Amino acid sequence: MFELLFQHPLAVYRKGELVWQSGWPLWILGMLVVAAIAAAAVFTLRKTVAAGWPAARGVTLWALQSSLVSALLIMLWQPGLSIATLKPKQNVVAVMLDDSSSMSLADTGTARKDLMQRALESGLIDNLKKRFQVRFYKVSDHLERVEDHKSIKAEKQASRIADGLKQIAAETGSLPIGGVLLLSDGADTSGGIDRDTVNALKSRQLPVHTIGFGREQYDRDLALVDVQVPARSLADSRLGAQVILKQRGYAGQKATITLKDGEKTIASKSITLAADGAAQTETLLFNSGAAGVRSLQVSLAAMQNEDNTGNNGLARLVQVDSRKPRILYIEGEPRWEHKFVRRALEDEKTLSLVTMVRTTQNKLYRQGVRDAKELEQGFPATAEEIFAYEGIIIGAVEATYFTPTQQALLKAFVDRRGGGILFLGSRASLADGGYGASEISDIMPVQVGERRTSFHRDRAKVELTAAGRDNLSLRLEEDSARNQERWKKLPELADVQFPGAVKPGAVVLVDATSSQGRTPLLITQNYGRGRTAVLATGGTWRWQMLQPLEDKSHEMFWQQLTRWLVGGTPGPLVASTSNSVYTDESRVMLRAEVRGKQFEILPDGQVEARISGPAGAAATIIMQPDPIQAGVYLGEYSAEQPGSYLVEMISSRAGEQQGIDQVAFRREDGLAEKFHTEQNRELLERLSAETGGKYWKIDELNTLPETITFSEAGISAREIRDLWHLPIVFILLAALRGAEWLLRRRWGGV
Amino acid sequence: MRKRGIWMAVLLVVTVLGVAYGQRRGFMSREFPFREGEDQPTPNDADEKTEFVFARLMYPNWRSNDRVWSMRGAWSIDYPKADRQFVQGLRRLSRVHVRSVEQAVSLDNDDIMNYPWVYVVEPGHWDLTETQVKKLREYLLKGGFLMTDDFHGSMEWDIFMLSMQRVFPDRPVVDLPNSDPIFNVVYNLEGKFQIPGIVNWPFDQTHEYDGIDAKWRGIYDEHGRLMVGICHNMDIADAWEWADSPHYPERYASLAYRIGINYIVYAMTH
C-alpha cells in the first residue's frame with residue numbers, strides 16, 4: 001500500500017535527501033506561497049463575508065485554497081529525493097547464517113534452521129543474486145565462509161554474532177560490501193553486541209539487515225537469569241547465593257531451588273513464583289565448608305510442560321581460602337564483652353583471636369598470642385607488627401592511649417593494608433574516649449562528637465534497619481522475616497552509646513532503643529581498601545546469659561561480624577579473573593593487584609601467572625603492568641578445554657618474592673546456548689537500527705533485496721527519485737479541491 | 001541423782017576444756033578484737049552503674065538432726081563488710097569498673113544471669129533445691145563463674161558436694177595446678193597459703209576442723225575453662241572483712257585481695 005501511494009520504498013524516504021530540481025531559488029517559492037495565501041485570504045474572505053457566512057466557513061475555504069495553491073507551487077519546483085544506490089551486480093552482500101544449536105529448536109513447530117532454509121530458498125537468494133554478488137558465512141563460536149546456505153547443521157554450542165560481524169567488517173575492507181544480512185534468533189552467547197562492533201560497522205557504513213527466527217516469548221518456562229555468589233570466602237563461613245529467576249505460565253505456583261556442591265545438596269528452598277516476566281530474587285544460605293574450590297550447581301526443579309528445561313541450571317565457583325586471619329582485640333579494662341566475645345569465637349576454627357586487656361594500670365594480659373614475644377611491648381607500634389593482623393577490635397580504650405604513630409598506623413591499617421577495624425562502645429570509646437579530636441576519627445563511620453556523656457549503662461532493645469535486614473552477616477535465621485523477629489526478641493543490651501552523626505556513605509545496620517532514646521548501634525563503611533564499623537555497645541554478652549543455653553545467637557552474631565571484618569582483607573597479592581565461570585568463552589583476563597611487604601603499591605614488580613588446567617593444560621604468563629592503575633598487572637589466557645583451571649600468581653621484586661595468591665576458574669561448553677533461547681528480537685532490531693539496516697519478519701522479505709540497494713557501503717551511485725508525480729500528491733490535490741467543492745455545495749455556494 | 005551426777009561431770013569436763021582452749025587462744029586473757037555485725041554505712045556512690053558488681057549468692061541452709069550444726073553457716077556470713085571492703089581494693093588495684101556495694105542474688109530467678117561472677121560463702125552448709133541446681137548449671141555453662149570460700153574440713157566438703165554433684169554429675173572436681181591461668185592472670189599466686197578466719201585468732205593455727213591444708217580446686221568446662229573456683233579450708237572473706245584491722249595479719253589480707261582480684265579478672269577474661 002505504501003509503495004502504491006508513495007511509489008518508492010520506505011527506505012528511500014528514510015535515507016534520501018530532499019532536493020529541488022527546478023533550479024529556481026527557494027526564496028521565490030516562499031514569496032509566491034505567501035502571496036498566494038494572502039490573495040486567497042482577500043478573495044475568499046471578502047466573498048464569504050459579503051455572503052453573510054460565519055467567519056469559520058470563510059477561514060476553512062481559505063485554508064483549503066491556500067493549501068492547494070501552495071502544493072501546486074511546491075510541485076513546480078520539482079522536489080525529489082537524492083539517494084545512494086548500489087550499482088547492480090557490482091556489490092557484495094554478506095549473508096550471515098546462525099549455525100548455533102539454538103537454531104535447531106522447533107518452538108514454532110518447525111526447526112528454526114529449517115525456517116531459515118525455507119526463507120532463503122523461497123526467492124530471497126535468487127532476488128539477492130539478481131542484484132548483488134552473494135557471499136555466505138555461517139557463525140557459531142567462530143565465523144566461517146561457506147559456499148551456500150545448505151551447510152547449516154545448527155549443532156554448535158555458541159553463537160558469537162558480535163565477533164562474526166566485527167570479523168566481516170575487518171576482512172572485507174577491500175571488497176565492495178553493500179550490506180550484511182543476518183539470519184538468526186539473536187541468541188548471542190558472548191553477552192550481546194558491544195559498542196566496538198557497532199562502531200566497526202558504522203565506520204564502514206555497513207547496514208546490517210536482520211531476519212529473526214523463533215518465538216519471542218515462551219508460554220511456559222522457568223529460567224535462571226543469574227546466580228551471584230562471592231568469588232572468595234573464608235572457610236566455614238555462611239554465604240548467600242543470590243538466585244535471580246524469571247518465569248512465564250507458572251505465576252503463584254511452587255518451585256524448588258537446589259544448591260549442590262558436587263553431588264551433595266547443601267541448600268534447598270521452596271519458593272512461590274512471582275508474576276509472569278518479573279525478575280525474582282531468592283537467597284540461599286550455605287556454608288562455604290573447608291578450604292578449596294567449591295563447584296556449586298544451582299538448579300530449578302523442572303515444572304510441568306516446561307518449554308525449555310535447559311535454562312534451569314547454572315554453575316558457579318567459590319574459592320574457599322585456607323588462610324586463618326588473625327584479629328587483635330584490645331580492651332582498656334576487664335569487661336564482660338571481652339570474655340564473651342572470646343567465648344563466641346572459641347569454636348571458630350578459621351579465625352584466630354588475639355586479645356590484650358589492661359587488667360591494672362601497668363599490666364596487660366594477653367591471650368591467644370603465638371609466643372611470649374607477641375605484644376610483649378603492648379599495642380603494635382610498627383607497620384610490620386600491626387599489618388600482621390587482618391582485623392582489629394578496639395574496646396574501652398581512650399584515644400590518647402594510642403601514640404600519634406599508632407593512630408597513623410591504625411589509619412594505614414584500613415586505608416593501605418585493607419584491614420577491618422571494629423570500634424566498640426564503652427565509657428572510654430567514641431566521644432567519651434576523646435576520639436573526636438583524634439586522627440582515628442577520620443576512619444570511623446560516624447562523626448564523633450566532643451560531648452563526653454554519650455555512654456549509658458541502660459538496657460537497650462535492638463532492631464534491624466532496612467539495610468540490616470538485607471545483610472547476610474546479620475542473619476541469625478535463614479528466612480528474612482523470621483530473622484527480623486528473632487532480632488526483636490534478643491535480650492536487651494547491657495549498655496548503649498550514642499555514636500554521633502552517621503557519615504555519608506556509611507550504612508546503619510542495627511538500631512538500639514533505650515530510655516535515652518533511639519540511636520544507630522551498628523554502623524559500617526568502606527574506607528580505602530578496608531572497612532570500619534562501630535558497634536556502640538559493650539553489652540551483647542547479655543544475649544548469651546539471658547537466653548537458653550542452646551541458643552547460639554550471640555555466637556553467630558560475633559562469628560559473622562568478625563568474618564565480615566576480615567573477609568575482604570587482602571594479602572600482598574590479590575589474584576582474580578574476569579569471571580569465575582566461562583560459558584562457551586575461552587578468553588580469560590587475568591588480574592593481579594600487587595603490594596609490597598608493607599602494603600605499599602608495587603609498580604616495578606614482576607608478576608607471573610602459572611596456570612594448570614584439564615588434560616594437562618599448563619602455561620606460564622608474564623603479566624604486564626596496567627598503564628592506568630599503578631600496582632595492577634594484567635594478563636590474558638585462552639582456556640581451550642572445558643574444565644577447571646587453577647591460576648597461581650607470584651609477585652616478586654629484585655628477585656625476592658613479595659606475595660602469592662591462587663584463583664580458580666571454570667570453562668563450560670554448550671551451556672549458554674540453552675539460555676535465552678527465545679528470539680532476541682530486541683538485539684536484532686537494535687543492531688539494525690544502529691547500523692542503518694532493518695529488522696525483517698519472515699513474511700515480509702520480498703522488498704528486502706531492493707532495500708539493501710539503498711546503501712553507501714559499496715560501489716554506489718546517487719540517483720534522484722521524483723516526488724511531484726506521486727499518486728499521493730495527485731490524491732492530495734484532488735482531495736483539497738473536492739473538499740472545497742463539497743463544502744460550497746453544502747453551504748449554498750458563493 | 002545418778003543422772004544429775006553424770007551431767008555435773010560432763011559440765012566440769014566441758015568447763016575445764018573450754019578454759020584450757022580459751023587460754024590457749026587468748027580469749028580469756030584479751031578481748032576478742034573482731035566485732036561482727038557492725039552497721040555498714042551505705043556509700044554515696046552505691047547507685048553507680050558499673051561493669052562489675054560483687055554478687056553474693058543466697059542459698060537455703062542444710063538441715064540436719066543436729067540443730068547446732070544446722071544453725072551454723074549462712075550465705076550472709078561476713079556480709080556486707082567483706083564485700084564492700086574487698087571491692088575498694090579491687091577498685092584501687094585493678095582497672096575493673098566496680099560498684100561500691102554488693103548484690104545479693106539467688107538461683108530462684110534469672111537475675112543472677114546479669115552477674116556472670118558470683119561469690120558463695122560457707123557452701124559447706126548449703127542445700128540447693130532441684131530448681132536451683134538446674135539454674136546454677138545453666139548459669140555456669142553459659143559463662144557464669146562461681147567462687148566458693150569459707151568452708152572447712154571433710155564434713156563441710158561432703159555437704160558442699162551433695163549439691164555440687166547434682167549441678168555437675170558429669171564433671172569432676174580437680175586440684176588446680178599452679179600453672180592454671182587463674183593463679184597468674186594478674187598476680188602470681190604460686191606461693192599461696194592457707195588464709196585463716198578470725199576464729200583462728202590469734203592465728204597460731206590457720207585451719208578449722210580437720211581441714212588442715214588449703215585446697216585450691218575447681219571444675220572445668222569442656223574447653224578447659226574454670227567454671228567453679230573452690231577455695232576449701234580457708235576463709236578469704238574474713239581476710240577481706242578484717243583487712244582494716246591491726247589485729248588481722250597483713251600477709252593474709254594481702255593474699256586474700258590478690259586471690260579475689262585474680263578470680264574476678266580470670267572470670268572476666270576466660
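The model is predicted, so local features need pLDDT of at least 70 and side-chain atom pairs count only at pLDDT 80 or more, while totals for chains, interfaces and linings use all residues. Residues are numbered from 1 along each chain as its sequence is written, with chains lettered from A and ligands numbered from 1 in the order in which they are written.

A nonpolar core is a set of buried Ala, Val, Leu, Ile, Met, Phe, Trp, Tyr and Cys residues joined through C-beta atoms within 7 Å; buried means that 20 or more other C-beta atoms, placed from the backbone, lie within 10 Å of a residue's own. The largest core holds 151 residues, and among those touching the most other members are A:Ile327 and B:Ala239. Its largest share, 13 residues, belongs to helix H7 (residues 250–269) of chain B, helices being DSSP runs of H or I with at least four residues, numbered from the N terminus. A separate second core has 48 residues, including A:Leu222 and A:Met623.

Where the chains meet, 21 residues of chain B and 22 residues of chain A take part, contact meaning C-beta atoms, placed from the backbone, within 7 Å. On the chain B side, helix H4 (130–142) and H7 each supply at least two residues.

H4(B) also packs against helix H5 (residues 153–167) of chain B at about 60°, the axes being 8 Å apart; axes are lines fitted to C-alpha atoms over the stretch in contact, and angles run from 0 to 180 degrees between N-to-C directions. Here H4(B) contributes B:Val133, B:Leu136 and B:Arg137, meeting B:Ser163, B:Arg166 and B:Val167 of H5(B).

Key. A residue is buried if 20 or more other C-beta atoms lie within 10 Å of its own, exposed if 12 or fewer, and partly exposed in between; C-beta atoms are placed from the backbone. Two residues are in contact if their C-beta atoms, placed from the backbone, lie within 7 Å.
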